[in-house]
Amino acid sequence: MTVLPEIFADPYIGICLSVAVYAVGGGLIEVLVSPIVEACPGEEKEKAMSMLHSFYCWGHVGVVILSTLFFTIFGISNWKILALIWAVVPLFNCFLFAQVPIASLLKEGEKGLTIGELIRMKRFWIFMLLMACAGSCEQAVSQWASAYAESGLQVSKTVGDLAGPLLFAAFMGSSRLLYGKLGEKIPLEKFMWISGLLCLCSYLLIGLSTAPVLGFVGCALCGLSVGILWPGTFSLGAKGIARGGTAMFALFALAGDLGCSGGPTYVGFMAERFGGQLNLGILAGMIFPILLLIGLLLYHRSQFGQRFRR
(Lines give C-alpha, C1' and ligand atoms only; values in the text may rest on other atoms or scores of the structure.)
Protein backbone atom coordinates (compact mmCIF):
# COMPACT_ATOMS: atom_id res chain seq x y z
CA MET A 1 0.00 0.00 0.00
CA THR A 2 2.90 2.36 0.63
CA VAL A 3 5.06 1.23 -2.32
CA LEU A 4 2.91 0.12 -5.26
CA PRO A 5 1.03 3.42 -5.84
CA GLU A 6 4.41 5.10 -6.48
CA ILE A 7 5.54 2.47 -9.00
CA PHE A 8 2.65 2.83 -11.46
CA ALA A 9 1.88 5.90 -13.55
CA ASP A 10 -1.71 5.61 -12.31
CA PRO A 11 -1.53 5.26 -8.49
CA TYR A 12 -5.03 3.75 -8.49
CA ILE A 13 -3.68 0.59 -10.17
CA GLY A 14 -1.16 0.18 -7.35
CA ILE A 15 -3.88 0.65 -4.74
CA CYS A 16 -6.08 -1.98 -6.44
CA LEU A 17 -3.21 -4.48 -6.52
CA SER A 18 -2.52 -3.80 -2.84
CA VAL A 19 -6.18 -4.40 -2.01
CA ALA A 20 -6.05 -7.70 -3.90
CA VAL A 21 -2.98 -8.81 -1.90
CA TYR A 22 -4.44 -8.05 1.52
CA ALA A 23 -7.81 -9.49 0.46
CA VAL A 24 -6.06 -12.82 -0.14
CA GLY A 25 -4.41 -12.56 3.28
CA GLY A 26 -7.69 -11.71 4.97
CA GLY A 27 -9.42 -14.58 3.17
CA LEU A 28 -6.80 -17.08 4.31
CA ILE A 29 -7.15 -15.90 7.91
CA GLU A 30 -10.93 -16.33 7.67
CA VAL A 31 -10.51 -19.85 6.30
CA LEU A 32 -7.94 -20.86 8.93
CA VAL A 33 -9.13 -19.26 12.18
CA SER A 34 -12.70 -20.61 12.17
CA PRO A 35 -11.71 -24.31 11.85
CA ILE A 36 -8.94 -23.77 14.42
CA VAL A 37 -11.56 -22.60 16.93
CA GLU A 38 -14.01 -25.33 15.89
CA ALA A 39 -11.32 -27.96 16.55
CA CYS A 40 -10.50 -26.65 20.04
CA PRO A 41 -11.56 -28.91 22.94
CA GLY A 42 -14.85 -28.03 24.60
CA GLU A 43 -18.58 -28.43 24.12
CA GLU A 44 -19.77 -24.86 23.60
CA LYS A 45 -18.39 -24.41 20.08
CA GLU A 46 -21.25 -22.15 18.96
CA LYS A 47 -20.53 -19.64 21.71
CA ALA A 48 -16.79 -19.72 20.97
CA MET A 49 -17.40 -19.15 17.25
CA SER A 50 -19.67 -16.17 17.95
CA MET A 51 -17.15 -14.71 20.39
CA LEU A 52 -14.36 -15.19 17.84
CA HIS A 53 -16.21 -13.30 15.12
CA SER A 54 -17.16 -10.49 17.51
CA PHE A 55 -13.49 -9.46 17.48
CA TYR A 56 -13.77 -8.74 13.77
CA CYS A 57 -16.24 -6.03 14.77
CA TRP A 58 -14.08 -4.64 17.58
CA GLY A 59 -11.14 -4.52 15.18
CA HIS A 60 -13.35 -2.62 12.74
CA VAL A 61 -14.33 -0.14 15.46
CA GLY A 62 -10.71 0.31 16.54
CA VAL A 63 -9.48 0.92 13.00
CA VAL A 64 -12.15 3.55 12.32
CA ILE A 65 -11.56 5.44 15.58
CA LEU A 66 -7.76 5.32 15.57
CA SER A 67 -7.48 6.12 11.86
CA THR A 68 -9.81 9.08 12.23
CA LEU A 69 -7.74 10.39 15.16
CA PHE A 70 -4.54 9.97 13.13
CA PHE A 71 -5.95 11.91 10.17
CA THR A 72 -7.30 14.62 12.48
CA ILE A 73 -3.89 15.14 14.10
CA PHE A 74 -1.46 14.48 11.23
CA GLY A 75 -3.62 15.06 8.15
CA ILE A 76 -4.89 12.66 5.50
CA SER A 77 -1.82 13.36 3.34
CA ASN A 78 0.16 11.09 5.70
CA TRP A 79 -2.01 8.05 4.98
CA LYS A 80 1.02 5.97 3.91
CA ILE A 81 2.50 6.30 7.38
CA LEU A 82 -0.78 5.05 8.82
CA ALA A 83 -0.69 2.07 6.43
CA LEU A 84 2.79 1.18 7.72
CA ILE A 85 1.58 1.46 11.32
CA TRP A 86 -1.35 -0.87 10.64
CA ALA A 87 1.05 -3.33 8.99
CA VAL A 88 2.36 -4.05 12.49
CA VAL A 89 -0.88 -5.92 13.27
CA PRO A 90 -0.48 -8.78 10.74
CA LEU A 91 3.24 -8.87 11.50
CA PHE A 92 2.42 -9.42 15.18
CA ASN A 93 -0.15 -12.05 14.17
CA CYS A 94 2.61 -14.01 12.40
CA PHE A 95 4.28 -14.57 15.76
CA LEU A 96 0.96 -15.40 17.45
CA PHE A 97 0.07 -18.02 14.82
CA ALA A 98 3.48 -19.61 15.28
CA GLN A 99 2.51 -20.31 18.93
CA VAL A 100 -1.06 -21.54 18.37
CA PRO A 101 -1.57 -25.28 18.92
CA ILE A 102 -3.70 -26.54 16.03
CA ALA A 103 -5.94 -29.53 16.64
CA SER A 104 -7.47 -31.55 13.80
CA LEU A 105 -11.15 -31.20 12.94
CA LEU A 106 -11.23 -34.92 12.22
CA LYS A 107 -10.81 -37.84 14.57
CA GLU A 108 -7.68 -39.94 14.31
CA GLY A 109 -7.85 -42.13 11.22
CA GLU A 110 -10.90 -40.28 9.89
CA LYS A 111 -10.79 -38.93 6.33
CA GLY A 112 -12.37 -35.61 5.43
CA LEU A 113 -14.83 -35.13 2.59
CA THR A 114 -13.46 -34.03 -0.76
CA ILE A 115 -14.78 -30.95 -2.54
CA GLY A 116 -16.50 -33.26 -5.03
CA GLU A 117 -18.29 -35.09 -2.22
CA LEU A 118 -19.31 -31.81 -0.62
CA ILE A 119 -20.84 -30.29 -3.73
CA ARG A 120 -22.96 -33.40 -4.26
CA MET A 121 -24.67 -32.90 -0.88
CA LYS A 122 -27.95 -30.97 -0.87
CA ARG A 123 -27.34 -29.77 2.68
CA PHE A 124 -24.02 -28.25 1.64
CA TRP A 125 -25.79 -25.98 -0.84
CA ILE A 126 -28.25 -24.89 1.84
CA PHE A 127 -25.31 -23.74 3.94
CA MET A 128 -23.76 -22.03 0.90
CA LEU A 129 -27.03 -20.13 0.42
CA LEU A 130 -27.04 -19.15 4.10
CA MET A 131 -23.42 -17.95 3.92
CA ALA A 132 -24.02 -15.89 0.77
CA CYS A 133 -27.09 -14.30 2.33
CA ALA A 134 -25.25 -13.67 5.61
CA GLY A 135 -22.55 -11.75 3.74
CA SER A 136 -25.09 -9.86 1.63
CA CYS A 137 -27.31 -8.92 4.60
CA GLU A 138 -24.27 -7.63 6.46
CA GLN A 139 -22.40 -5.68 3.81
CA ALA A 140 -25.33 -4.37 1.77
CA VAL A 141 -25.99 -1.95 4.64
CA SER A 142 -22.53 -1.73 6.22
CA GLN A 143 -20.80 -0.61 3.00
CA TRP A 144 -23.42 2.07 2.38
CA ALA A 145 -23.93 3.20 5.99
CA SER A 146 -21.50 6.10 5.68
CA ALA A 147 -23.04 7.42 2.45
CA TYR A 148 -26.53 6.95 3.90
CA ALA A 149 -25.61 8.96 6.98
CA GLU A 150 -24.13 11.76 4.86
CA SER A 151 -27.04 11.98 2.42
CA GLY A 152 -29.86 11.33 4.88
CA LEU A 153 -28.62 13.22 7.93
CA GLN A 154 -26.73 15.89 5.95
CA VAL A 155 -23.56 15.49 8.00
CA SER A 156 -19.90 15.78 7.00
CA LYS A 157 -17.94 12.82 5.63
CA THR A 158 -15.96 12.51 8.87
CA VAL A 159 -19.13 12.39 10.96
CA GLY A 160 -20.74 10.04 8.42
CA ASP A 161 -17.78 7.66 8.53
CA LEU A 162 -17.94 7.57 12.31
CA ALA A 163 -21.70 7.50 12.76
CA GLY A 164 -22.36 4.98 9.95
CA PRO A 165 -19.91 2.04 9.84
CA LEU A 166 -18.80 2.56 13.45
CA LEU A 167 -22.29 2.25 14.91
CA PHE A 168 -23.09 -0.68 12.61
CA ALA A 169 -19.94 -2.56 13.65
CA ALA A 170 -20.50 -1.82 17.35
CA PHE A 171 -24.03 -3.26 17.27
CA MET A 172 -22.92 -6.27 15.21
CA GLY A 173 -20.12 -6.99 17.67
CA SER A 174 -22.53 -6.61 20.60
CA SER A 175 -24.86 -9.19 19.07
CA ARG A 176 -22.02 -11.70 18.69
CA LEU A 177 -20.73 -10.97 22.15
CA LEU A 178 -24.23 -11.44 23.58
CA TYR A 179 -24.57 -14.88 22.03
CA GLY A 180 -21.03 -15.71 23.09
CA LYS A 181 -22.08 -15.07 26.69
CA LEU A 182 -25.65 -16.40 26.69
CA GLY A 183 -25.58 -18.97 23.90
CA GLU A 184 -26.44 -21.90 26.15
CA LYS A 185 -29.84 -20.32 26.93
CA ILE A 186 -30.92 -19.76 23.31
CA PRO A 187 -30.83 -22.49 20.61
CA LEU A 188 -28.68 -21.27 17.71
CA GLU A 189 -31.25 -22.00 15.01
CA LYS A 190 -33.95 -20.07 16.91
CA PHE A 191 -31.58 -17.14 17.44
CA MET A 192 -30.84 -17.07 13.70
CA TRP A 193 -34.56 -17.09 12.88
CA ILE A 194 -35.11 -14.10 15.16
CA SER A 195 -32.07 -12.35 13.69
CA GLY A 196 -33.28 -12.96 10.11
CA LEU A 197 -36.71 -11.49 10.86
CA LEU A 198 -35.13 -8.53 12.66
CA CYS A 199 -32.84 -7.98 9.67
CA LEU A 200 -35.85 -7.92 7.34
CA CYS A 201 -37.53 -5.34 9.60
CA SER A 202 -34.37 -3.19 9.59
CA TYR A 203 -34.29 -3.16 5.77
CA LEU A 204 -37.94 -2.12 5.72
CA LEU A 205 -37.28 0.63 8.28
CA ILE A 206 -34.34 2.00 6.27
CA GLY A 207 -36.18 1.80 2.96
CA LEU A 208 -39.61 3.09 3.95
CA SER A 209 -38.86 5.59 6.71
CA THR A 210 -39.39 9.24 5.76
CA ALA A 211 -37.40 10.43 8.78
CA PRO A 212 -33.61 10.09 8.20
CA VAL A 213 -33.00 9.52 11.91
CA LEU A 214 -35.32 6.49 11.90
CA GLY A 215 -33.53 5.16 8.84
CA PHE A 216 -30.26 5.54 10.67
CA VAL A 217 -31.72 3.62 13.62
CA GLY A 218 -32.54 0.94 11.05
CA CYS A 219 -28.83 0.76 10.14
CA ALA A 220 -27.92 0.14 13.78
CA LEU A 221 -30.71 -2.43 14.06
CA CYS A 222 -29.35 -4.17 10.96
CA GLY A 223 -25.92 -4.42 12.60
CA LEU A 224 -27.52 -6.00 15.67
CA SER A 225 -29.49 -8.49 13.56
CA VAL A 226 -26.73 -9.75 11.26
CA GLY A 227 -24.17 -10.45 13.98
CA ILE A 228 -24.96 -14.13 14.45
CA LEU A 229 -25.63 -15.03 10.81
CA TRP A 230 -22.05 -15.62 9.62
CA PRO A 231 -20.60 -17.44 12.68
CA GLY A 232 -23.94 -19.17 13.24
CA THR A 233 -23.88 -20.70 9.76
CA PHE A 234 -20.31 -21.88 10.36
CA SER A 235 -21.45 -23.62 13.53
CA LEU A 236 -24.53 -25.19 11.91
CA GLY A 237 -22.36 -26.42 9.05
CA ALA A 238 -19.79 -27.94 11.38
CA LYS A 239 -22.55 -29.89 13.14
CA GLY A 240 -24.63 -30.67 10.06
CA ILE A 241 -21.86 -32.01 7.79
CA ALA A 242 -19.61 -34.49 9.51
CA ARG A 243 -16.05 -34.67 8.16
CA GLY A 244 -16.49 -31.40 6.25
CA GLY A 245 -13.00 -30.31 7.24
CA THR A 246 -11.12 -27.20 6.21
CA ALA A 247 -12.32 -27.47 2.60
CA MET A 248 -15.89 -26.94 3.76
CA PHE A 249 -14.95 -23.85 5.78
CA ALA A 250 -13.05 -22.50 2.77
CA LEU A 251 -16.07 -22.89 0.49
CA PHE A 252 -18.33 -21.37 3.14
CA ALA A 253 -16.02 -18.36 3.35
CA LEU A 254 -16.04 -18.10 -0.45
CA ALA A 255 -19.85 -18.02 -0.50
CA GLY A 256 -19.88 -15.43 2.28
CA ASP A 257 -17.36 -13.23 0.48
CA LEU A 258 -19.36 -13.44 -2.75
CA GLY A 259 -22.32 -12.18 -0.75
CA CYS A 260 -20.18 -9.42 0.78
CA SER A 261 -19.29 -8.14 -2.70
CA GLY A 262 -22.57 -8.89 -4.45
CA GLY A 263 -24.86 -7.41 -1.78
CA PRO A 264 -23.57 -3.81 -1.78
CA THR A 265 -23.09 -3.93 -5.57
CA TYR A 266 -26.75 -4.86 -6.01
CA VAL A 267 -27.87 -2.11 -3.61
CA GLY A 268 -25.77 0.48 -5.45
CA PHE A 269 -27.13 -0.65 -8.82
CA MET A 270 -30.74 -0.47 -7.60
CA ALA A 271 -30.18 2.92 -5.96
CA GLU A 272 -28.93 4.23 -9.31
CA ARG A 273 -32.01 2.81 -11.04
CA PHE A 274 -34.17 4.72 -8.53
CA GLY A 275 -32.48 8.05 -9.26
CA GLY A 276 -29.77 7.83 -6.60
CA GLN A 277 -32.18 7.16 -3.71
CA LEU A 278 -30.04 4.98 -1.50
CA ASN A 279 -32.89 4.10 0.83
CA LEU A 280 -34.79 2.50 -2.08
CA GLY A 281 -31.66 0.60 -3.11
CA ILE A 282 -31.45 -0.83 0.41
CA LEU A 283 -35.17 -1.60 0.30
CA ALA A 284 -34.57 -3.67 -2.84
CA GLY A 285 -31.87 -5.48 -0.84
CA MET A 286 -34.54 -6.98 1.43
CA ILE A 287 -34.36 -9.94 -0.94
CA PHE A 288 -31.27 -11.05 1.01
CA PRO A 289 -32.91 -11.54 4.44
CA ILE A 290 -35.89 -13.14 2.67
CA LEU A 291 -33.59 -15.68 0.98
CA LEU A 292 -31.83 -16.21 4.31
CA LEU A 293 -35.14 -17.11 5.99
CA ILE A 294 -35.92 -19.50 3.12
CA GLY A 295 -32.49 -21.10 3.64
CA LEU A 296 -33.19 -21.54 7.36
CA LEU A 297 -36.52 -23.16 6.50
CA LEU A 298 -34.78 -25.58 4.12
CA TYR A 299 -32.21 -26.39 6.80
CA HIS A 300 -34.94 -27.04 9.36
CA ARG A 301 -36.75 -29.35 6.93
CA SER A 302 -33.53 -31.24 6.21
CA GLN A 303 -32.97 -31.66 9.95
CA PHE A 304 -36.52 -32.93 10.42
CA GLY A 305 -36.12 -35.35 7.52
CA GLN A 306 -32.89 -36.71 8.96
CA ARG A 307 -34.48 -37.27 12.36
CA PHE A 308 -37.49 -38.94 10.72
CA ARG A 309 -35.24 -41.37 8.80
CA ARG A 310 -33.55 -42.29 12.05
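In which handed sense, left-handed or right-handed, does helix 2 pass helix 3? The crossing of helix 2 past helix 3 is right-handed. By the convention used, a crossing is right-handed if the near helix is turned clockwise from the far one by less than a right angle, and left-handed if anticlockwise. Helices (H or I, at least four residues) are DSSP runs numbered from the N terminus.

This report describes a predicted model, in which local features need pLDDT of at least 70 and side-chain atom pairs count only at pLDDT 80 or more, while totals for chains, interfaces and linings use all residues. Residues are numbered from 1 along each chain as its sequence is written, and side-chain values use heavy atoms, with hydrogens and water left out.

**Helices 2 and 3**

Helix 2 covers residues 11-39, and its axis comes within 9 Å of that of helix 3, the two crossing at roughly 150°. Such axes are lines fitted to C-alpha atoms, for helices over the stretch in contact, with angles running from 0 to 180 degrees between N-to-C directions. In the crossing of helix 2 and helix 3 at roughly 150°, helix 2 contributes Glu30, Val33, Ser34, Val37 and Glu38 to the contact, and helix 3 contributes Lys45, Ala48, Met49, Leu52 and His53. Contact here means heavy atoms within 4.5 Å.

Helix 3 spans residues 45-74 and includes Leu69. Leu69 is partly exposed, with a relative accessibility of 46%; the classes are buried (under 20% relative accessible area), exposed (over 50%) and partly exposed (in between), with a 1.4 Å probe and protein chains only. Together with Ile65, Leu66, Ile73 and Phe74, Leu69 makes a nonpolar surface patch of about 500 Å². Patches are made of residues with over 30% relative accessible area and no salt bridge; like charges are joined within 9 Å, and nonpolar side chains (Val, Leu, Ile, Met, Phe, Trp, Tyr) within 5 Å. The accessible areas come from the Shrake-Rupley method with a 1.4 Å probe, and for residues only the protein chains shown count as cover.

**Salt bridges**

Side chains of opposite charge can pair when their charged atoms come close. A salt bridge is defined as a side-chain nitrogen of Lys or Arg within 4 Å of a carboxyl oxygen of Asp or Glu. By this rule, three salt bridges are counted.

| Salt bridge | N to O distance |
|---|---|
| Glu6 and Lys80 | 1.9 Å |
| Glu46 and Lys239 | 2.9 Å |
| Arg176 and Glu138 | 3.6 Å |

The salt bridge between Glu6 and Lys80 ties together parts that are 74 residues apart in sequence, because Glu6 lies in helix 1 (residues 4-7) and Lys80 in helix 4 (residues 79-86). Glu6 is exposed at 55% relative accessible area, whereas Lys80 is partly exposed at 22%.

In the salt bridge of Glu46 with Lys239, the partners are 193 residues apart, Glu46 belonging to helix 3 and Lys239 to helix 12 (residues 229-240). Lys239 has a relative accessibility of 57%, so it counts as exposed.

The salt bridge of Arg176 with Glu138 ties together parts 38 residues apart in sequence, since Arg176 lies in helix 9 (residues 157-182) and Glu138 in helix 7 (residues 122-142). Arg176 is buried at 1% relative accessibility, and Glu138 is buried at 3%.

**Further residues**

Ser235 is placed in helix 12 and is buried, with a relative accessible area of 3%. Not counting residues up to four places away in sequence, Ser235 touches Lys45, Glu46, Met49 and Leu188. The C-alpha atoms of Ser235 and Lys47 are 9.1 Å apart, although 188 residues separate the two along the chain.

Glu189 belongs to helix 10 (residues 188-208) and is buried at 17% relative accessibility. Beyond its neighbours within four places in sequence, Glu189 is in contact with Leu296, Tyr299 and His300.

Lys111 is found in the loop between helix 5 (88-99) and helix 6 (115-119), and is exposed, with a relative accessible area of 64%. Lys111 and Gly207 are 96 residues apart along the chain, and their C-alpha atoms are separated by 48 Å.

Asp257 is part of helix 13 (residues 245-273) and is partly exposed at 36% relative accessibility.
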